Amino acid sequence: MKKFLITGMLMILCACATTSQIPEWQETSFRDIENYKTSFLTGKEGIAEAHFNRARGALATSNDLDLLAKAYLTKYALHASVLEEFDESEFLRIDRLQSVAANLSYYNFLKGNFAAVDESLLPDQYSKIIKSAREKNVAEARKEITAIDDPVSRLVACGVWIKHLSGDETILQTAINTAAENGWQKPLWAYLSQLEKYYLERGEIAKAAGIKERLELLKK
Amino acid sequence: MSREYKVGIFVICAAALVLLALLFLAVEKGLFSTSHTYTLSSRTGDGFTVGMPVVFSGFDIGKVHSLELNDKGVVLIQISIPDKHVKWIKEDSFFVLYRPLIGAARIVVNTDNLESPPMPESKVAEVFVVNDINDAIEKIQPLLETIERLSRKVDDMASKADEQVFGKEGTLPQINKILKDVAGKLEKLETTVDNLNKISKDASEGTQDLGALRADIDEVAQTLNKVSRDIDALLYKKKNTEIRLP
């Protein structure tokens, strides 16, 4: 009886001891991608690049092209979220070798090719925006964008909309507020400049001057 | 002139040249110059080596000739100073063993008053020790100990599964953050030490100490990284570490 008890306890102990250890590359790449996002958005580009390269290195050791493509798409998405151009050559190279429908869909979404996007393959938060984007329904888009929970995703949606569809004051304001709430300098400045441009185009000189003044103050 | 004659002259000239060259080298190396021997004392022989330079105002003026331990347990250091440099060693000179962080250790002679009478060879002066390496290590040592204590505590805490400890704002995530930070800093320090190592190739003893220091730091950094990974594993056990598109 005693033996059974001891064996039983030992078994329980052993069962407790085996925590499913995450492989190191996975952990490193995850952490570095997260760090990349924050450094990039807070305007520390040099550090961001270092994090990205480390994540890329870690992912490369896993031989998983799908994940590597996702890392690049994350980078492009962040560039899109601050209204910047991005160099898509690396993703296209990966895509030629091993095409993943979901990744390609996401890429098309970032590039503004809404017709080529399969919304069922996109991350959930964007699936409805595609519809309003195809219909160019701004009112619907405003609602959809504000409903996105994750601030990064919200900025990506704003970025894609502003860049490929139309400038819209409410969407710009949403983006500015999102950036400001999180203290992300890069998107904040980008969207403020965009808002200034938007006002200038519409001839609202006073408002544009106000934004310009504000930007100068913030950048000082 | 016969051929034998020519060969004879050539051989004699060559031999004379070789001899002259040897003589020149010997004179330059101070083979014929007499030197004075002074005796210094130190409580420890640590850091002294035979042949170690003795410098005055940054110039080599002699070297350590021999080391011996006397009956009282005091280390006697005999330094030999060639005649031409004896003038720098006066009665009120004091001697310092300088072990810099980078570069070879040396005995530095300091003479404040060059007018004072020369030092008698019978006088035994004590050597003071200035030790950059040990100072540096001494400064780092408490830090390492603190880290070790911290990581032990974290280990203890990891066994207490408690919201206060594991929660998002709990102690463990906070400590983990600190640990990661410290590990990062140590890694940086490590590269610095590496660089120092590269610079000071000539500092034989110094580099050995640096090597030991580097290994220490390396070990602590490794341990810290492991601890922080363990904590991460605890924290993210249910959290997904999969990369998702933003």
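Predicted model: local features only at pLDDT ≥ 70, side-chain atom pairs only at ≥ 80, totals over all residues.
Residues are numbered from 1 along each chain as written, and chains are lettered from A in the order in which they are written. Local features need pLDDT of at least 70, side-chain atom pairs count only at pLDDT 80 or more, totals for chains, interfaces and linings use all residues, and side-chain values use heavy atoms, with hydrogens and water left out.

User: What percentage of the residues of chain B count as buried?
Analyst: A residue is called buried under 20% relative accessible area, exposed over 50%, and partly exposed in between, with a 1.4 Å probe and protein chains only. Chain B exposes about 15,600 Å², and carbon and sulfur atoms supply 57% of that area, as given by the Shrake-Rupley method with a 1.4 Å probe, where for residues only the protein chains shown count as cover. Of the 246 residues of chain B, the share that counts as buried is 33%.

User: Is B:Phe24 buried or exposed?
Analyst: B:Phe24 has its place in helix H1 of chain B, which covers residues 3-28. Together with B:Val18, B:Leu19, B:Leu22 and B:Leu25, B:Phe24 makes a nonpolar surface patch of about 540 Å². With a relative accessible area of 54%, B:Phe24 is exposed.

User: How many residues of chain A are in contact with chain B, and what area is buried between the two chains?
Analyst: Contact here means heavy atoms within 4.5 Å, and by that rule 13 residues of chain B are in contact with 23 residues of chain A. Buried area is the accessible area (1.4 Å probe) that two parts lose on being put together, summed over both. Carbon and sulfur atoms give 65% of the area buried between chain B and chain A, which is about 1,700 Å².

User: Which three residues supply 50% of the area that chain B buries against chain A?
Analyst: Across the interface of chain B and chain A there are 0 salt bridges, a salt bridge being a side-chain nitrogen of Lys or Arg within 4 Å of a carboxyl oxygen of Asp or Glu. Helix H5 (residues 204-235) of chain B brings 4 residues, the largest share of the side of chain B that touches chain A. The three residues that supply 50% of the area, more than any other three, are B:Ile243, B:Leu245 and B:Pro246.

User: How far apart are the closest N and O atoms of A:Lys186 and A:Glu45?
Analyst: The two residues lie in distant parts of the chain, with A:Lys186 in helix H11 (residues 185-201) and A:Glu45 in helix H3 (residues 45-60) of chain A. A:Lys186 is buried, at a relative accessible area of 11%, whereas A:Glu45 is partly exposed at 44%. They form a salt bridge in which the closest N and O atoms are apart by 2.2 Å.

User: Which residue forms a salt bridge with A:Glu49?
Analyst: A:Glu49 counts as partly exposed, at 34% relative accessibility, and is placed in helix H3 of chain A. The partner lies in helix H4 (residues 65-81), 26 residues apart, and is buried, with a relative accessible area of 16%. With the closest N and O atoms 3.4 Å apart, that partner is A:Lys75.

Conventions:
Patch = residues over 30% accessible without salt bridge, like charges linked within 9 Å, V, L, I, M, F, W, Y side chains within 5 Å.
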